[in-house]
Amino acid sequence: MNLNDFLSDSSKRIPPSAIRRFFDLANEMKGEVISLSIGEPDFVTPIDIREAGILSLEQGNTHYSPNQGFIELREAISDYMQRRFQLQYNASHEIVVTVGGSEAIDLLIRAVVNPGDEVIIPEPCFVAYKACVLLAGGIPITIPCRQEDDFKLRPEQLQAALTPRTKLVVLGFPNNPTGAVLEKSEVEALAEVLRNQSVLVLSDELYAELTYEPASHYSIAAAAGMRDKTVVINGFSKAFAMTGWRIGFACGPQELIAAMNKIHQYAIMSSPTTAQEAALAALRNGENHVIVMREEYNRRRRYVVQACRDAGLDCFEPLGAFYVFPDIRPTGMTSSAFCETFLSEEKVAIVPGNAFGDCGEGFVRISYAASMDNILKAMQRLKAFVGRSIQHD
Amino acid sequence: MKKREEILNLLERNAKLTAAEIAVMIDRPVEEVEATIALLEDSNIILGYKALINWEKTADVPVTALIEVRVTPQRDQGFDSIAQRICSFPQVKDCYLMSGGFDLMVTIEDASLKEVATFVSEKIAPLDAVVSTGTHFILKKYKMNGTEFSDKDDDLREAVVL
């Protein structure tokens, strides 16, 4: 009996990772290397948020929550979305609390995509979008965002990708892996393309709080005519350093949230109760922590961008998330070869850009979610490594 | 945060940062950072740059003592005169005027047990204004100047997270 014959067509549609070999190497060397390869904050969840979780457990709150999440948390999310992003959502039927932003992405895609539907995905991007679309039987239509555009999605690229079969457009800005952000005028230009189209938008705004001046985050749901065709996905992982708690949320029009909640209710039941209590504390008292972490990320960001440029790599200035995405083509190496050699020669782990889509080839993702000491050391080694690589050409 | 405080915070965490590195991190010209640091040094806000050493890990194990000192304040001078007298001993690392059950908190670092005993009995206790002393030895340091002393510097995160 060959168990592979039992695997569903949809599970087999997800291709293996393009950087499997690099993953294996990085895992083997974990502990001996400086990791700038990690897409999660190096900060531990702030202590008062952790204490809210501990208190919840001490009080014996170990039961299921309502499927959609505790109403107190949904109300706090509603206030937060209004306060931070000028978006209005009704806590009772326009918000669902999910197991991280990742679950919300899967829920929306499953709730709206039929086999054969096209989903537009600008790349390079977070790896889950394409996989979720394939699992749902949809057809991912990728758009390559380019370095010369600062990795932003251009309205004419979006226009050209739309077909009568387009069901959903995925926007992931601030962007993982490039750090690109969309300014208000750029979001408005995309909204102009979509406003009269019969398509939905999944706006993944997990990194919204990590937007650095002079940029500021503007959600496409705030653009005229877009709120009722957009689901905004956000969460606590990046802003409040709460990755392991697995807690996120989606906000959108009632019909879509209801469909998402239906899938959530049968697949997941409800988000972790302890994590919801901690998330509530984060929204009520945690914004100072966000400011402190953002300032620290910003110092590291400026340093890493400058260090990449000093090393001889072309690097656009990313104003969001905690990634820098330099161009390594002058070394003559592929992204994978660059990262594997850098890892084995200089003991620093960074991620090949092609892990995030074919158009990421020629680039690498450097995460500055790491201590300043490690960043200082790693950037010295990058300079030495790139210097050697370019000379050898 | 004001740039001056930002520079101080960065240097407090890592005094080896160069003005050029700080300039990039806080997005100001290097000349301005150099001038600010010079001013901070001149105005005694930055008092020095020292290595933070976990002496317990070295072969020779000196002790750190906190000495509570009760003193009689002196006419017109309060505690300042006696505090300055105590501070003049090179063994004294810190000296603070305290509220509560005693007056001065004096710390001595990196001395042998015998040196501390000699210092207290021969230098501090005999001073006229000193009423009594109480000496505490630090048994183990968990955190010092904001830095936790710990051998576990493992990154608990996965090797690669996309």
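**Close-up views of a predicted model**

**View 1. Pro124(A) sits in the loop between β3 (118–123) and α6 (128–135) of chain A.** The model shown here and in the views below is predicted. The peptide bond that leads from Glu123(A) into Pro124(A) is cis, and its omega is near -5°. As a rule, most peptide bonds are trans.

**View 2. A cis peptide bond joins Asn176(A) to Pro177(A).** For this bond, omega is about 20°. Pro177(A) belongs to the loop that runs between β5 (166–172) and α8 (184–194) of chain A.

**View 3. Gln86(A) is not a glycine, yet its phi is positive.** The value of phi at Gln86(A) is about 55°. Most residues other than glycine have a negative phi. Gln86(A) is placed in the loop between α4 (71–85) and β2 (95–98) of chain A. Is Gln86(A) buried or exposed? Gln86(A) has a relative accessible area of 56%, so this residue counts as exposed, the cut-off for that class being over 50%.

**View 4. Arg246(A) has a positive phi of about 55°.** Arg246(A), too, is not a glycine. The loop that holds Arg246(A) lies between β7 (230–235) and β8 (248–251) of chain A.

**View 5. Helix α11 (residues 287–310) of chain A packs with helix α2 (residues 19–26) of chain B.** The angle between the two helices is about 115°, and their axes are 7 Å apart. The crossing of α11(A) past α2(B) is right-handed. Which residues make the contact? From α11(A) come Asn298(A), Arg299(A), Arg302(A), Tyr303(A) and Gln306(A). From α2(B) come Glu21(B), Val24(B), Met25(B) and Ile26(B). By type, the residues of this contact divide into three charged, two polar and four nonpolar.

**View 6. Chain B is assigned two parts, domain 1 and domain 2.** In the domain assignment, domain 1 of chain B covers 3–42, while domain 2 covers 55–144. How far apart do the C-alpha centres of the two domains lie? The C-alpha centres of domain 1 and domain 2 of chain B are 33 Å apart.

Methods:
Residues numbered from 1 in each chain as written. Chains lettered and ligands numbered in written order. Predicted model: local features only at pLDDT ≥ 70, side-chain atom pairs only at ≥ 80, totals over all residues. Heavy atoms only, no water. Axes fitted to C-alpha atoms, helices over the stretch in contact; angles between N-to-C directions. Helix = DSSP H or I, 4+ residues; strand = E, 2+ residues; numbered from the N terminus. Left-handed = near helix turned anticlockwise from the far one by under 90°. Contact = heavy atoms within 4.5 Å. Nonpolar A, V, L, I, M, F, W, Y, C, P; charged D, E, K, R; others polar. Domains from an automatic or database assignment. Buried < 20%, exposed > 50% of the residue type's maximum accessible area, 1.4 Å probe, protein only.
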